[in-house]
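Dear colleague,

Please find below the structure for your review. The findings follow directly after it.

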Amino acid sequence: STRLLFEEGSLTIDQPARIDMTAALSMSDSRPFVALFRNAGAQNWLARRAEMEEIRGQARLSMRDGVIYVPEATVGDEKIGVGMKGVIDGAVGDGVILMRYGQSHALLEFEDGRRHLVLIKPSAKYEAYEAPQPPPD
C-alpha cells in the first residue's frame, strides 16, 4: 500500500501561481514502480535494484514564477536512498542529489547546467549544501 500525506501546504492561483508544500510518503512495496521502470525499457539489473520495502520519504518545496525550490526531499529504505536539494528553473537545475546504496554514497552536483560526480565525503557535502530559498513575498 502507498500513503502520501500532505502535511501542510498552500496554493495561490494568481499570476504568477505560487505553491508551498510539505509532504510525507510511506510505501510498503516498490513493485508497482519497478513494473513502470521495466515497461519503460529499463534494464533488468536497474529495475531489480529499485525493489524496496518499507519506503519512507519527505519533501518540502515551493514554486515562484515557474521556478521550483527544493530545500530538501528524500526517499528510500534501509538499503537504498536518494536525497535532493536545489532549484529547478526550466531545463536548468542547480543543486545536489545524494545517492545511497548500502554503505556506498555518491553525490551528483548540478551547477549552471554542468554536472559533477563527488565520491569523496559525499554525505558531508550534501549536508553542507544550502538550497537557495524563494524570494520573499
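**Charged pairs and strand pairing**

Arg-18 counts as partly exposed, at 24% relative accessibility. Please note that the model is a predicted one. The side chain of Arg-18 forms a salt bridge with that of Asp-20, with an N to O distance of 3.1 Å. Asp-20 is buried, its relative accessible area being 18%.

Asp-20 also meets Arg-64 in a salt bridge, again at 3.1 Å from N to O. This pair connects distant parts of the chain, since Asp-20 belongs to strand 2 (residues 18-29) and Arg-64 to strand 3 (residues 53-64), 44 residues apart. Arg-64 is buried, with a relative accessible area of 11%.

The count of salt bridges comes to 3. Another of them joins Lys-125 to Glu-109, where the closest N and O atoms are 3.4 Å apart. Here too distant parts of the chain are linked: Lys-125 lies in helix 3 (residues 122-128) and Glu-109 in strand 7, 16 residues apart. Lys-125 is partly exposed at 39% relative accessibility, and Glu-109 is partly exposed at 22%. Through shared partners, salt bridges join Arg-18, Asp-20 and Arg-64 into one network.

Glu-109 also has a bridge partner in strand 8, namely His-116. Strands 7 and 8 run antiparallel and are joined by 5 bridges. They form a hairpin with 2 residues between them, and Asp-112 in the turn has a positive phi of about 50°. On strand 6 (residues 92-101), the pairing with strand 7 (residues 104-111) is antiparallel over 7 bridges.

Finally, Lys-85 lies over the face of Tyr-126, 4.6 Å from the ring centre.

With kind regards

Terms used: Residues numbered from 1 in each chain as written. Predicted model: local features only at pLDDT ≥ 70, side-chain atom pairs only at ≥ 80, totals over all residues. Heavy atoms only, no water. Pairing = 2+ DSSP bridges. Helix = DSSP H or I, 4+ residues; strand = E, 2+ residues; numbered from the N terminus. Lys NZ or Arg CZ within 6 Å of the ring centre and 35° of its normal. Salt bridge = Lys/Arg side-chain N within 4 Å of Asp/Glu carboxyl O. Buried < 20%, exposed > 50% of the residue type's maximum accessible area, 1.4 Å probe, protein only.
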